[in-house]
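Biologist: I'm new to this one, and I'd like to learn how to read it. Could you walk me through it?

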Amino acid sequence: MPIVTIDGHPISVEPDTLIIQAADRAGIEIPRFCYHPDLRPEGNCRMCLVHIKGFANLSPACTTPVTDDMVVNTAHQHDQVRQATKGVLEFLLINHPLDCPVCDQAGECSLQDFYLHPDYGLHPSDVDPPEKVRKRKALNLGPIYLDSERCVMCSRCVRFSNEVSGTGELQFVHRGNHVEIEAFEDRALRDPYAGNLADVCPVGALTSRDFRFKRRVWFLRHANSICAGCSTGCNVRIDYAENAIDRVVPRRNPAVNKSWMCDEGRLSYHNLQDLPRLESPLQRTEAGLQPVSWEEAMLLGQEGMRGPYGRVSAVVASAMATNETLWILRQCANSLPTPTEIDFRLQSINPDINAREDHLLRRLDKAPNSRGAMLLGAGAGRGIEAMAQSAEEGKVGVVVILHYPPLVGQDDNARLAAFQRLIRGAAFSVVLTNTVSGWWNGADVVLPVASWSEEEGTFTNFAGITQLTEAALTPPGEARPAWKALRDLLPVGSLSPRLATVEQIFDRGVAVISAFEGLHYATLASREATVYPPEGRKSYGQEGFAGR
Amino acid sequence: MTKILSEHAEYPDQQELTAAKRRGAYEAWHQVLAQRPADVIGEVADSGLRGRGGAGFPTGRKWRFLQFDAERPPYLLCNADESEPGTFKDHWLLEHDPHRVIEGILIAAYAIQAREAFLYIRGEYASLLPGIGRALEEARAEGLVGPNVLSSDYSLDIIVVVGAGAYICGEETGLMESLEGKRAYPRVRPPFPAVRGFNGRPTVVNNVETLANLPWIIHHGAEAFRAVGTSDSPGTKLVSLSGCISRPGVYEIPMGYPLKQLLEQEGGGPLPDRYFKAVIPGGTSVPVLTAEEIEGVTIDFESMRQAGTLLGSGGMIVFDDSVSMPPMLRAISHFYATESCGECTPCREGTGWMAAIVDRLLDGRPQVDDLDRLLRIGNNIEGRTICGLGDAAVQPVRSFVSKFRQEFEALLHDSSTSNAPDWQTHGHGPRTARHGLVAEEIVRSEPVTGRPTYRW
């Protein structure tokens, strides 16, 4: 393997590694605008120029592969490089508008960050504002707004639309310092992945219509999560404040979603926010379902589930639930005194978790954890339809239904109808859900549970990759994570030792199942591949999230 | 003096195939088809021919860089995107002796075993197209070009492509992008065109004048070619003379010919009652020489380099004492600001900034440190761009400001220049007492050889 020396640090890397990648791996900062780890390098911003021993001219670190014994010096060590970097940054700023105070990118802008870096910026301005080249502002391109004056022409967005989403809707027009990004006839972008354009843009030229002017980024708090919009399991970061999500952006994971996510997934948090949330446990009374305390509801539930009914029990699982919730649900099913059937599928057909919806990320299975549910044995029955049939024939005693509406798309009416038939036919029914809805009228106990983004846990995506999702928000009202509610429904002493955290459930429960063998919650939480740039480093633009 | 390129160009019927053949056209082509390609490359390498587009890279060595692959035959691109200000030699060649260029393309294509060759002509040269098209048709009809050339098993098609008129399309990788139907953004090297060029295949890009030398080299041999010119720069050079000179036009002179002699004899010396002030010897992309610096300089790659400038394309622009340098620099720097493709940062932003500063110098609103600012901007562009356009834009600015600093400094202290003529209006700007002629007026004299259609 070639050994390259950057700023005096010897780094051993694979052949054909680019200098900038070697530096990233070693934690040596090289400023950049056009380089993006998931786009073809273009070398046009000239911000990453470095000095290579033996070369007369400076070379761009983002297009030059390392060779053995190469000696590279960056702006931190080399005066000529520092001068060049400062010069390039000055060029980028001469026609840049002075609108940071009203620019959405402020606070996560590469241009701003580099200007405030003593090695690259902090120079006095050498131009008069009236001399600046004027371009178009706030052009509405559908999901994206274009502010041409802020653009640094790094071509990341053009390359994204050409190489990744394949729609090729953006291009450069004009020449010299009048060059601009343009969509044909300024038409709205029809790219289902257009949201990524705002992410790849290192400055405020492309901003998301959804997030525009919503909140200053420095007020945002962050949680690393997994998108629950489909079975791909894109790594995302939830940006939230005041217990509400302001935006969801992709986190880089080369094994799953690279740096991208689809717009449906990105905006799926709106569907969650629009749901009428169930905030209190309910109990069936003469006058219909009435709010009760958790203690009462739990007592009632425990008592009801103990039976005896002398018939079979039916447990409905959900592929929207985490592995930990599903594992507890399995224990719940096992603890019922009668033979129990558990399933999350409508019919006894395995979901085609691999079916693609497009060439990139979206999959037809709109649940994040179908694979996990299968592996955990939550799909072991004849399907919900068949269970409902049994209930109508009066064969079912206890029914436990766990249900979350999907975050992308609509709730399946056939499924809800089956739930109603189950509840009607059962002797005793417990429903765990996050939404106020009509289908659970008639249930004995209804328990409010936390949604995606409100609880931590793991999802296993279509390919069998198990990933961690952190909690961002506090559940509304009295809602709690489903695994807690289910755990407390279990007879005392049936779980030993008592599992108090998701980590304990995963390590002592889920990871015991052979498909999850060797996984530890702690390593999932710090898996290197999900983090770019490496931990402890300052991030650039929006492709990196560590340290923010 | 030995004429290599212009030996028959003066005949009015040289564009016709029968006439050209009578004078020996395509004899070298017959000769080449009987040789092995490697021998052709060897002959050209031995001749010491260096690229005439500006960089002066040895042609034989360029061909040898090609990575041969029978599955993916290489391309030959003939660069006729002659856009360097002050240069009109390729235009002259294509107009007067198109068969020499076609034969050169054939020889080079055979040497590298290309199956297709492209002649990329800049959009502004549209008037040449009928002539080139006719010459190519004649050659095709005679079986000199096309499938199974002259009943051999070698086939070659020559395709003429017209650019849309951008300076950057003359940069070899920009030319390839343009040829592929894309925006002519130069490519980052490596990979070099010899490895991955047009359509991802190994590609050779040669200038028109370079290729036009080949028939003579094959016909007369490498040794005869070496006998002309200097040891480091064999052969002849076509120079385009324009500006304040009595006989502007295209001249073929042997390499090593004294620059002063060219200006005085071929060029006929300065206009009446004028004297030379400065010369840009190789297109506006090279540093200007003052009249004093011209002494002793000869027209070849080494001598020009020693004089602190470059032979470049051989497009020579002459200034006399009636010319004020700042408005000239305005014209030149606006050319580069307009023609910068906008791909990489230093050139995109820097060329426009330099032009804006020259503008404000001439418009009577200078800032005291503007000259140093110009030099500083130039230093921040040079050597930091993807292609050579950035460096090219810096040379005139730096050399004009440092060699004629007094004229520029006068602008700093004098606001009476605010009504200086604006070259962009394309009208006949007013003559000002202080600053003499505006740029577009200096190229007005009638040419003797050829008809330079070039205007600023």
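This is a predicted model: local features need pLDDT of at least 70, side-chain atom pairs count only at pLDDT 80 or more; totals for chains, interfaces and linings use all residues.

Biologist: What scores does the predictor give the complex?

Modeller: An ipTM of 0.88 and a pTM of 0.89. For the chains taken one by one, look at pLDDT: chain A averages 91, with 95% of its residues scoring at least 70, while chain B averages 90, with 91% of its residues scoring at least 70.

Biologist: Where does pLDDT stay under 50 in each chain?

Modeller: In chain A that happens over residues 528-548, for which the model has 48 contacts beyond four places in sequence. In chain B it is residues 417-456, and there the model has 69 such contacts.

Biologist: What about the helices and strands of chain B, how many are there?

Modeller: Chain B has 19 helices and 11 strands. As for confidence, β1(B) is highest at 98, and helix α19 (residues 405-413) of chain B is lowest, at a mean of 93.

Biologist: Now, how should I read a sheet?

Modeller: The general idea is that strands of a sheet pair through backbone hydrogen bonds, either parallel or antiparallel. In chain B, four strands form an open sheet in the order β3-β2-β1-β4, and the pairing is parallel. Its edge strands are β3 (157-162) and β4 (203-207) of chain B, each pairing on one side only. From one strand to the next, the twist averages 20°.

Biologist: Over how many bridges do β1 and β2 of chain B pair?

Modeller: Six: strand β1 (residues 75-80) and strand β2 (residues 116-121) of chain B run in the parallel sense. If you want a spot to look at, Ala80(B) stands opposite Ile121(B) in β2(B).

Biologist: Stepping back, into which domains is chain B divided?

Modeller: The assignment gives domain 1 (17-226), domain 2 (236-320) and domain 3 (325-436) of chain B. The C-alpha centres of domain 1 and domain 2 of chain B lie 27 Å apart. Their contact takes 12 residues from domain 1 of chain B and 17 residues from domain 2 of chain B. On the domain 1 side of that contact there are three nonpolar, five polar and four charged residues.

Biologist: And which domains does the assignment give for chain A?

Modeller: For chain A they are domain 1 (3-91) and domain 2 (282-514). Taken over C-alpha atoms, the centres of domain 1 and domain 2 of chain A are separated by 52 Å.

Biologist: One last thing: what does the radius of gyration of chain B tell me?

Modeller: You compare it with what a compact globule would have. For 456 residues that would be near 23 Å, and chain B has 22 Å, so the two agree. Along its principal axes, the C-alpha trace of chain B spans about 75 × 45 × 40 Å.

Technical notes: Residues are numbered from 1 along each chain as its sequence is written. Chains are lettered from A and ligands numbered from 1 in the order in which they are written. Two strands pair if DSSP finds at least two bridges between them. Helices (H or I, at least four residues) and strands (E, at least two) are DSSP runs, numbered from the N terminus. Axes are lines fitted to C-alpha atoms, for helices over the stretch in contact, and angles run from 0 to 180 degrees between N-to-C directions. Domain bounds come from an automatic or database domain assignment. Two residues are in contact if their C-beta atoms, placed from the backbone, lie within 7 Å. Ala, Val, Leu, Ile, Met, Phe, Trp, Tyr, Cys and Pro count as nonpolar, Asp, Glu, Lys and Arg as charged, and the others, Gly among them, as polar. pLDDT is the predictor's confidence in each residue, from 0 to 100. The radius of gyration is taken over C-alpha atoms; the globule rule is 2.2 Å times the number of residues to the power 0.38.
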